[in-house]
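I opened the model and kept notes on what I looked up. The entries follow in the order I made them.

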Amino acid sequence: MSEHPISEAAAAPRAASLKPWRRAIIGGAIVAVVAFCAIFAPLLAPHDPNHQDLLAQLLPPAWAEGGDPKHPLGTDNLGRDTASRLIYGSRVAMIVAICASLGALVFGTALALVAGYFGGIVDWLVSRAVELWLCFPPVVLSLILIVGFGVGLGNVILAIILVDWTRFCRVVRSEVLIVRRQDYVDAARLAGFSHFRTLRREVLPAVGPLVLTLLSLEMGIAVIVEAILSFVGMSVEANVPAWGVMIADGRREMFQAVWGMILPISAIIITVLGFNLLGDGLRRALDPKLRQRVIQ
């Protein structure tokens with residue numbers, strides 16, 4: 001028999017209440033590390049990411065045979081430091097992830113709130129627009145928009161917003177349709193709240209956890225889309241280090257220096273995994289039904 005049954009019984013609910021947050025904490029830690037690298041890239045990078053040293057081409061990582069401690073993760077075909085380019089590449093990934101996801105959130109959620117709350121012809125028009133937009137494959141539509149807008153980080157962000165707003169609109173609209181039938185929404189209208197105040201004070205807080213979860217998941221999607229666009233040369237300029245650009249450069253010497261592709265691919269996988277864990281953890285922690293199921 002346990003010597004401290006009371007303390008163990010008190011600790012059990014506390015441990016159970018932390019279970020839904022474990023994934024969110026792990027994912028948040030990964031995202032925090034990537035964001036830290038992006039913010040303090042000039043201090044963390046050992047070299048200028050665009051500095052070329054043709055005498056140090058395709059050096060392996062420092063721990064491998066022939067590696068140089070000055071270049072801990074090796075160099076590319078132009079002698080540029082891989083570690084520095086990875087660190088600076090996190091800036092592009094985080095800028096696109098945050099700006100594009102927030103833009104898609106604002107645009108898609110605003111349409112979802114209006115369509116789900118008012119219904120009728122407004123809901124029909126928004127739903128048909130979403131269905132029409134979803135007929136195009138997202139990556140193909142992004143490429144088409146980039147061709148029209150031109151190369152540039154701002155255009156990449158705009159293209160992702162115009163493609164991915166439907167993710168928020170479709171999911172949030174379904175939730176708003178449920179929330180608007182709740183008694184507290186009717187009570188707010190009977191109390192004299194305007195439509196805008198009802199949406200802001202009653203409906204939006206109810207769908208807030210869902211929107212927050214979708215935001216974190218969309219950030220991972222934005223990182224992948226930007227990497228694809230930069231891989232085909234339709235994202236940032238050639239002198240801007242990005243993970244997709246590094247993969248494209250490493251593909252040419254993949255049989256001589258495979259780490260040139262493995263390292264940026266690993267950075268993308270880890271970053272997207274962090275966003276997905278954060279989103280899934282927030283969904284489990286903020287959804288009362290899922291949280292109760294985990295605790296039980």
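Is aspartate 164 buried or exposed? I found that aspartate 164 counts as buried, because its relative accessibility is 3% and the limit for buried is under 20%. I note here that the model is predicted.

**Entry: arginine 167 and its partners**

I looked up what aspartate 164 pairs with. It forms a salt bridge with arginine 167, and the closest N and O atoms are 3.1 Å apart. Both residues sit in helix H7, which covers residues 153-179. They are 3 residues apart, about one turn of the helix.

Arginine 167 has a relative accessible area of 30%, so I logged arginine 167 as partly exposed. I then checked arginine 167 against glutamate 218 and found that their side chains meet in a salt bridge at 3.4 Å, N to O. This pair links distant parts of the chain, with arginine 167 in helix H7 and glutamate 218 in helix H9 (residues 195-231), 51 residues apart. Glutamate 218 has a relative accessible area of 1% and is therefore buried.

**Entry: other salt bridges**

How many salt bridges does the count come to? I have 8 salt bridges.

For burial, I noted aspartate 280 as buried at 17% relative accessibility. Arginine 23 is partly exposed, with a relative accessible area of 39%.

**Entry: nonpolar surface patch**

Which residues form a nonpolar patch on the surface? I listed Val114, Phe118, Ile121, Val122, Trp124 and Leu125. Together they have about 560 Å² of accessible area.

I then asked which helices supply the patch. H4 and helix H5 (120-133) each give at least two residues. The largest share, 4 residues, comes from H5. I looked up valine 122 separately: it lies in helix H5, and its relative accessible area of 30% makes it partly exposed.

**Entry: phenylalanine 107**

Next I went to phenylalanine 107, which is located in helix H4 (residues 82-118). Phenylalanine 107 counts as partly exposed, because its relative accessibility is 38%. I took the C-alpha separation between phenylalanine 107 and tryptophan 165 and got 6.2 Å. Along the chain these two residues are 58 residues apart.

**Entry: cysteines**

How many disulfides does the structure hold? I recorded 0 disulfides. I looked up the exposure of two cysteines as well. Cysteine 37 is partly exposed at 22% relative accessibility. Cysteine 99 is also partly exposed, with a relative accessible area of 37%.

**Entry: recap**

Arginine 167 is partly exposed, whereas aspartate 164 is buried and glutamate 218 is buried.

How values were computed: Residues are numbered from 1 along each chain as its sequence is written. This is a predicted model: local features need pLDDT of at least 70, side-chain atom pairs count only at pLDDT 80 or more; totals for chains, interfaces and linings use all residues. Side-chain values use heavy atoms; hydrogens and water are left out. Buried means under 20% relative accessible area, exposed over 50%, partly exposed in between (1.4 Å probe, protein chains only). Patches are made of residues with over 30% relative accessible area and no salt bridge: like charges are joined within 9 Å, nonpolar side chains (Val, Leu, Ile, Met, Phe, Trp, Tyr) within 5 Å. Accessible areas come from the Shrake-Rupley method with a 1.4 Å probe; for residues, only the protein chains shown count as cover. A salt bridge is a side-chain nitrogen of Lys or Arg within 4 Å of a carboxyl oxygen of Asp or Glu. A disulfide is a pair of cysteine sulfur atoms within 2.5 Å.
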